[in-house]
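Biologist: Could you take me through this one and tell me what stands behind each term you use?

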Amino acid sequence: MISKYLEAGSTYAGDIDSLILLILAVVGFWGLLAEVVFFGLIFKFAEKEGVKALYVTGEDPKEKRWVSIPHYLTLIFDVMIIIGALRVWAEVKLDMPQADETVRVTAQQWAWTFTHPGPDGKLDTEDDIRTVDELHVEVGKTYHFELASRDVLHSFSVPIFRLKQDIVPGRIIKGWFKPVITGTYDIQCTEICGIGHGLMPAKIVISEAGKHQAWVKANAGVAAVAAPVSGSTGGMP
Amino acid sequence: MRQYLPFVLSSAVLAATGCNSIHPDGAAATLPGEELYRSCEPCHGGAGEGNPSIAAPAIAGHPAWYVEAQLVKFRSGIRGAHPDDYEGLRMRPMSRQLYTQAEIKAVAEHVSKLPVQKAAPTITGDAAAGAVSWGTCQACHGVDGKGNPAVNAPPLAGQNDWYLLTQLKKFKAGIRGTNPDDTTGGTMRPMSMTLADEQAMKNVIAHINTLSR
């Protein structure tokens, strides 16, 4: 349902969407019902001519049910949501599937530097490919990422992957993703990081194996490849 | 009809606000340089005095042609797009707040009219030895370091010495001046190679510190 509006581009995007929908359904249904009951009671027991107000002590079990039943239901549905959330948490955060490749993501005010392995598939070798504001990955491959910051807090967000992970200076934070669709999509910083926070968009380019390998081959060992200027933050009229 | 008045009024205000906004296509009128400069102030200061603590150089009084050229370079990724150019990578997105060539010109004009701020020396070196190395630099930057627009050489006299050292290191390391479209940077890069080491850079900067702007 959510993927109708924002494509699900990673193996776990659908599970995160399902969790969001579960929370929406539970909270939405009971939230609306609570409002209906709340306003219903207000109108039903509104001040009336000749009717004296009652002081309700809340000791009568019939009256207490209005509190205790929703209370138990809240606990039951909370447990449902927690179970759903823990399952997704375990899948996304606790289980790290074997990586086909690792990419390094370095954030700074206000740009992203991505370090890709070259044809040897390993980082920290001479054929590494560094790009600014453009991450290249291959569809169907499992990637580990290593997040680092050169200065302040940032957050690595890839909406189509339903991925958002804070980047903390002084720490290397690891995670993973496996793209399942091809195309060019947004990467954004989702932690206010200074005056240029809104000016640090980047792109993720997800390609078929052949196309991605051709890109790796063409750029292997090139010190710096800057993403071309495009879109509303770029093109000079 | 009266009950719709707030809606009509608020819609009219919103429409009027929208008409005055700057469209990314540059369709609307250019804001004055002074107003555009407000985006630069947090780093370069209200008087263009710079801020060494965040590596923002003084820009007050820089010639408009140079400021314009650098803004165009930053904006198009010819400068400030190398992964090791930490300060340049900060400047590049800021330059993208200027949507049109007219806006770049306007802010460059404003910067050029700001009174030059006297930069206090922070680097010590052998100015006499630096004067010898300066012989190469002066061919473009002028004997007095006042620059030469005919060869796209900016003034160096009066510039923050820490900034000059950073840029010389960047040119020499290939962090600046290696983009194929950076013709002027490409000219400067081999010149930086003539300075053997950091001490040689500091010496020539010590000489530049003796030149008045």
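Modeller: Gladly. The largest share of the lining of the largest cavity, six residues, comes from H5(B); helices here are DSSP runs of H or I with at least four residues, strands are E runs of at least two, and both are numbered from the N terminus. This is a predicted model, where local features need pLDDT of at least 70 and side-chain atom pairs 80 or more, while totals for chains, interfaces and linings use all residues. Residues are numbered from 1 along each chain, chains are lettered from A, and side-chain values use heavy atoms, without hydrogens or water.

Biologist: Why are E4 and E7 of chain A called edge strands?

Modeller: Five strands of chain A form an open, mixed sheet in the order E4-E10-E9-E6-E7. Strand E4 (134-138) and strand E7 (163-167) each have a single partner strand, so one side of each lacks a neighbour in the sheet. Pairing requires at least two DSSP bridges between two strands.

Biologist: How do you know that E9 and E10 of chain A pair?

Modeller: Five bridges join E9(A) to E10(A), against the required at least two, so the two strands count as paired. They run antiparallel, with A:Gly183 opposite A:Ile206 in E10(A).
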